[in-house]
Amino acid sequence: MSVVTRFAPSPTGYLHIGGARTALFSWLHARRHGGRFILRVEDTDRERSTDESTRAILDGMAWLGLDCDEGPYFQSERGGRYREVIDAWLQAGKAYYCYRTKEELDALREAQRARGEKPRYDGYWRDNDETPPAGVTPCVRFKNPLEGEVVFHDHVRGEIRVSNRELDDLVICRADGTPTYNFCVVVDDHDMGITHVIRGDDHISNTPRQINMLRAMEVEPPEYAHVPMILGHDGKRLSKRHGAVSVMQYEAEGYLPEALRNHLVRLGWSHGDREVFTLDEMVALFDLDEVNPSAASFDPRKLLWFNQHYLKALDAGELARRLLPYLERAGLDPGAGPDLAALVRAQRERSTTLVELVENSRFFFEDFEAYDEKSARKHLSVAAVPALEAVIERLRALQDWSAPALHGVVEAIAGELEVGMGKVAQPIRVAVAGRAVSPPIDQTLEMLGRDRALARLERALEHARSQD
RNA sequence: GUCCCCAUCGUCUAGCGGUUAGGACACCGCCCUUUCACGGCGGUAACGGGGGUUCGAGUCCCCCUGGGGACGCCA
């Protein structure tokens, strides 16, 4: 049988790290087995679901390269089908109307808790012939089996057994007529032919109930894999306090999808000593049965390392293309600077994100107001005057404005002045970049261009002369 | 409170009864060097505790501790 997996987020927020990892595992499992991957939006809670969230989730999936073969399906559009099953169950005695009010249920739960019991519905309206109270609109509950236990094999946890006594009769249809989550999942997973349910382990306790409902539909349950949660660096549940929790926030901060994907896949899954995986390699190697059952913490520093790794590894032309929006967002004109592929090659080993790369490269695109104070004091003092004078003179005369020729000039001047390369290169660097950090000075000058470089050198010479 | 789950360096992890407990990130040192980086080399650092089983336990079992999850007319 061909594999069908799904990712089923509820549109009540953006796509966060945990959801993205679940989606990735689900996608990988489908791809690995040549199956299909379905996206299903679980928007039965109309109060909390928003179109904006749906869009954010779709954007996040697209950015991560997790394309779906079917969907997105929306549960809000499948009301007829749910109604049909509910009516059938009511008819067959597999479900019943419950007239318990919210207040009664609260009191019941409170009493149970006070007695040290697990709070659960007491089954009052199950097989009850009493006349329904007037003025109460009932909800519908599923008749969970009273005896026996549910046993299933989980691909990451192994065998899981839960006694039906632990389970109560869950609401499948609210008083307002809308179906609830656990019920919709069951109908959808069956209708859509899902073979492997891959989801966060916070759903593990829903699984026995869902299996019971699947049995009520007289179908075999799919296979399950409950993947561990991702915790923040402090070991607590991931939240806004841990910085960027939305996948698209990482995009905004200049991370590459390759990096986030790679970091995510290594959270809970490994393949020997290997750290770096291309998408194709993940697809070829990923195995649900190798997923680690314990929760993992998200380490932003490792993500940074992956990001720089891909910055160094990816094609410079491709990265140049991806750099465009970041330049624009930074208020820079991509046409006002050097060739972008060359820029990427020069800056990627000293940048960890695209945003950082842009900031490190600002001076190539626009003039700066002032020198970095510390750098200017150190490198643009009167002591730098002779070197700057020599540099300006020689560069004016230089015919071939290329890195090798520029390198020759710097080297020659250092030799003539009998000083180290740093005594010449650093003043030039501060003069043209405004600070003491930049790519190798010959490359920096070449990319900057003759006119810009000479103008900035002259300005720096004036500055140096004025220091005392 | 009740039920369930998890447990190797700070973090991600390898390990699947016999290992000097390996790798990666981070950190520290050295080298390279015109800056910052990159790179190279080296280093610090872990089996939560207690009982078993076994000739032998990080690996299997139990308890404790710690952490997490679930207990909605939320998903």
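How many residues of the lining of the largest pocket are nonpolar, how many polar and how many charged? The lining divides into 17 nonpolar, 14 polar and 13 charged residues. Here Ala, Val, Leu, Ile, Met, Phe, Trp, Tyr, Cys and Pro count as nonpolar, Asp, Glu, Lys and Arg as charged, and the others, Gly among them, as polar.

The model is predicted: local features need pLDDT of at least 70, side-chain atom pairs count only at pLDDT 80 or more, and totals for chains, interfaces and linings use all residues. Residues are numbered from 1 along each chain as its sequence is written, chains are lettered from A and ligands numbered from 1 in the order in which they are written, and side-chain values use heavy atoms, with hydrogens and water left out.

Rolling a probe the size of a water molecule over the atoms shows where empty space is left. A pocket is an open set of points with protein on both sides within 12 Å along at least five of seven lines, whereas a cavity is a set of points where a 1.4 Å probe fits but cannot get out. Lining residues have an atom within 4 Å of a point. Points are joined across faces, edges and corners, and a volume is the space filled by probe spheres set on them.

The largest pocket has a volume of about 1400 Å³. It is lined by 44 residues, and S10, H16, D202, H203 and R237 are the closest to its centre. Strand 1 (4-7), helix 1 (17-32), helix 5 (181-191) and strand 9 (196-200) each supply at least two lining residues. Helices (H or I, at least four residues) and strands (E, at least two) are DSSP runs, numbered from the N terminus. Helix 1 gives the largest share of this lining, 4 residues.

The second largest pocket holds about 340 Å³ of space. Its lining has 16 residues, with L105, R109, C139, R141 and V171 nearest the centre. Helix 4 and strand 5 are the elements that give two or more residues to this lining. The largest share, 3 residues, comes from helix 4. The lining divides into 8 nonpolar, 2 polar and 6 charged residues.

D127 is not a glycine, yet its phi is positive, about 50 degrees. D127 is exposed, with a relative accessible area of 59%. Buried means under 20% relative accessible area, exposed over 50%, and partly exposed in between (1.4 Å probe, protein chains only). E418 also has a positive phi, near 55 degrees, and is a residue other than glycine. E418 lies in the loop between helix 16 (403-417) and helix 17 (421-433). At 74% relative accessibility, E418 is exposed.

R348 sits in the loop between helix 12 (340-347) and helix 13 (354-365). R348 is buried, at 14% relative accessible area. Helix 6 (residues 207-216) has 9 of its 10 residues buried, so it is largely enclosed by the rest of the structure. Among the buried residues are T207, R209 and N212. E218 follows helix 6 and has a positive phi, near 65 degrees.

The axes of helix 15 (residues 385-397) and helix 19 (residues 450-466) come within 10 Å and cross at roughly 155 degrees. Helix 15 is therefore roughly antiparallel to helix 19. Angles over 145 degrees count as roughly antiparallel, under 35 as roughly parallel, 65 to 115 as roughly perpendicular and the rest as oblique. Axes are lines fitted to C-alpha atoms, for helices over the stretch in contact, and angles run from 0 to 180 degrees between N-to-C directions.

Terms used. On a 1 Å grid over the protein atoms alone, a cavity is a set of points where a 1.4 Å probe fits but cannot get out, and a pocket is an open set with protein on both sides within 12 Å along at least five of seven lines; lining residues have an atom within 4 Å of a point.
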